[in-house]
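Have a look at it first, and then we'll go through a few spots one by one.

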Amino acid sequence: MTKPVLGTVAVLIAAAAAILYFTADSDPETSAVTARQSEAAGPQAALPPETADRAERPTEVIAAADAADDFDPEIPRHGSSLFGELKYGPDFRHFDYVNPDAPKGGEVRYGAFGSFDSLNGFIVKGQAAAGISLIYDTLMTSSLDEPASEYGLVAESVRHPKDYSSVTYTLRPQARWHDGEKITPDDVIWTFETLKKNHPFYNAYYANVVKAEKTAEHEVTFTFNQTGNRELPMIVGQLPVLPEHYWTGETAKGEQRVFSETTLEPPLGSGPYRIADVSPGRSVTYERVADYWAKDLPVNVGTNNFGKVRFEYYRDTTVALQALKGDRVDFRMENSAKDWATEYDVASVRKGNLIKAEIPDKNAAGMQSFAFNIRRGKFQDPRVREAFNWAFDFEWLNKNLFYGQYQRTDSYFANSELASSGLPEGRELTILKEHEESLPPEIFTEPYDVPKTDGSGNNRANLRQAIRLLEEAGWTVKDGKLTNSEGEVMTVEFLIGQPTFERVVAPYIQSLKKLGIEATIRPVDTAQYQNRVDNRDFDIIVQTFPQSLSPGNEQRDFWGCDAAEAPGSRNVIGICDPVVEKLIDRVIYAASREELVAATRALDRVLLAGHYVVPQWHLSYHRLAYWSRLRHPENMPPYSTGFPTIWWMDKDAPAPAPKPDEAE
């Protein structure tokens, strides 16, 4: 159950996971930091004790209790859980991890990377501004200390029949847009139909939701085309609600708004923030809505504390880091191991004014990888793709570039119980046996393991294995070039959206050249990169596949046949495998946690056997750097840093120095 995205910046809808609004603007070295995603622990660089602040968190994943025997889903409830009972009862006052007395006010500044040309984050076209989902509310909102639970936001209650054939939400009568108009069932219905029409992700995510209709004055019912899909009520709850009267109306110039087009007109929202200032491509500022209709709801107590949230855009990651150290931005999610180890030995850190924090993360790490475009003939043989994996020397990179901080990823669901390991057994084996004739025999006889080296840079043994695989696939070295039987030379282009990743790709290319592969790097700007990826105009890209602890319908958008054909979908690889399709259904229709884990491990094992990616690395904690004027709760949630949603500004701390042009 991966959260929906807003446009091409992959910003999450749920305000509770607001840290992840900013992920697409991060250094790609660890682009795998997302809302439902962690980075797994490796040896960490030596840090002075006074600068390595580790926030305390629960050490175990909070497992949902078994559902009560008398639980009746047809009775309206204040929230829903994918498996088991909710942690918070109907009379809860606030989430346990927030500071209910957090002061309001102050401006927090965040450094975003690249540029933007649109304030419409729900379409494929354009590059949406970071943080745009701050202005919207969803039907339900997630808690950050439960793996798969939601509580009412725009909706005050939810119910569904026992066969999961539909779900009904009762809207709060007090729900309002920023212009004072009521949020109505018509808004919800229009949003659902419009998002499915305008973005392939929503079309895939809500593929089994076939109808939305008004069934009472404040009530919307969504009908499904299947029964038994436990996740459908949950993912419908993640639906952002958009104002129909705004989008179907006219601009101040009297022009009809067109939802499918980019726009820099600040759109109407209903959330805790509204757009206060826009400098196209340079910055966007959101201001807290003082009379926000939902500010006193239990799900919002202690949240949305900053008076303003400002995103400053930088085209260079080095400049962005200097902006943090120069007190031009307040918070940074550090995605560079080198920078974390070497760039923070400065006076402000030593004095405790600029804080380094490593906050543990209990989410599934997902898969960060070099992803192949298997629509191209040269990558259709899995032996060719596996050969690329043997040529990748992670241990050398980790030692020489990453200061030993990372762990090699060997699962699409790393850092969780969902990851496959060893040989299949129990329920997982039973599921795989159903497809034995269509699967590689080694799935049942050989545990999947990523190739390893000694880190010396001498990976001859691995390269010899790569050559054997390439020869089996019909590729041989002629005159120093890898050539197939038709005389075609293996040429590969790594499409890179951010130049900082070139230092990772460059040594990899040297290994590939030893195999006779002509490999090059093509760095492009963020807009061109997104356009080429959406239209599948690439050989290999760095791609992250974020995962939650409760995977489900989003797997169709990652690996499904329909998504493989849809421009802009997240199936960038182009996977279309009947076995994968059936395993996705097993995941979606799992009737218990045990069945979900077994089905997910089976899916993981089949994807790994396909060698669709060259796995990269992950961490099990977030690397945060922030100025001491920012505060966070002592009891941090296990599944998110919660920034900026549950953080606040210390009113007694000194304000940042003004910019030179602001001194007067």
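At what angle do helix α17 and helix α18 pack, and how far apart are their axes? Keep in mind that this is a predicted model. The angle is about 160 degrees, and the axes lie 8 Å apart. An angle over 145 degrees counts as roughly antiparallel, so that's how α17 sits relative to α18.

**The α17 and α18 pair**

- To find the two helices, look at residues 578-588 for α17 and residues 593-609 for α18.
- Their crossing is left-handed.
- On the α17 side, the contact is made by V579, V580, L583, I584, R586 and V587.
- Facing them from α18 are L596, A599, T600, A602, L603, V606 and L607.
- Sort the residues of this contact by type and you get eleven nonpolar, one polar and one charged.

**A four-stranded open sheet**

- The strands line up in the order β8-β9-β11-β10, with antiparallel pairing.
- At the edges you'll find β8 (155-159) and β10 (209-216), each of which pairs on one side only.
- On average, neighbouring strands here are turned by 20 degrees against each other, ignoring direction.
- Helix α1 (residues 185-198) packs on this sheet and touches β9, β10 and β11.
- The direction of α1 makes about 170 degrees with that of β10.
- Inside the sheet, β9 (residues 166-171) and β11 (residues 219-224) run antiparallel and are joined by five bridges.

**Strand β5 and its partner**

- β5 covers residues 107-113 and is mostly tucked away, with five of its seven residues buried.
- This strand pairs with β14 (residues 308-314) in the parallel sense, over seven bridges.
- Opposite E107 you'll see K308 of β14.
- As background, strands of a sheet pair through backbone hydrogen bonds, either parallel or antiparallel.

**A closer look at I517**

- I517 sits in the loop between α13 (502-514) and β22 (518-523).
- Is I517 buried or exposed? Its relative accessible area is 2%, and buried means under 20%, so I517 is buried.
- Leaving out residues up to four places away in sequence, I517 touches F388, L482, M490, V492 and L512.
- I517 and G480 are 37 residues apart in sequence, while their C-alpha atoms are 8.7 Å apart in space.

Notes: Residues are numbered from 1 along each chain as its sequence is written. This is a predicted model: local features need pLDDT of at least 70, side-chain atom pairs count only at pLDDT 80 or more; totals for chains, interfaces and linings use all residues. Side-chain values use heavy atoms; hydrogens and water are left out. Buried means under 20% relative accessible area, exposed over 50%, partly exposed in between (1.4 Å probe, protein chains only). Two strands pair if DSSP finds at least two bridges between them. Axes are lines fitted to C-alpha atoms, for helices over the stretch in contact, and angles run from 0 to 180 degrees between N-to-C directions. Angles under 35 degrees count as roughly parallel, over 145 as roughly antiparallel, 65 to 115 as roughly perpendicular and the rest as oblique. A crossing is left-handed if the near helix is turned anticlockwise from the far one by less than a right angle, and right-handed if clockwise. Contact means heavy atoms within 4.5 Å. Ala, Val, Leu, Ile, Met, Phe, Trp, Tyr, Cys and Pro count as nonpolar, Asp, Glu, Lys and Arg as charged, and the others, Gly among them, as polar.
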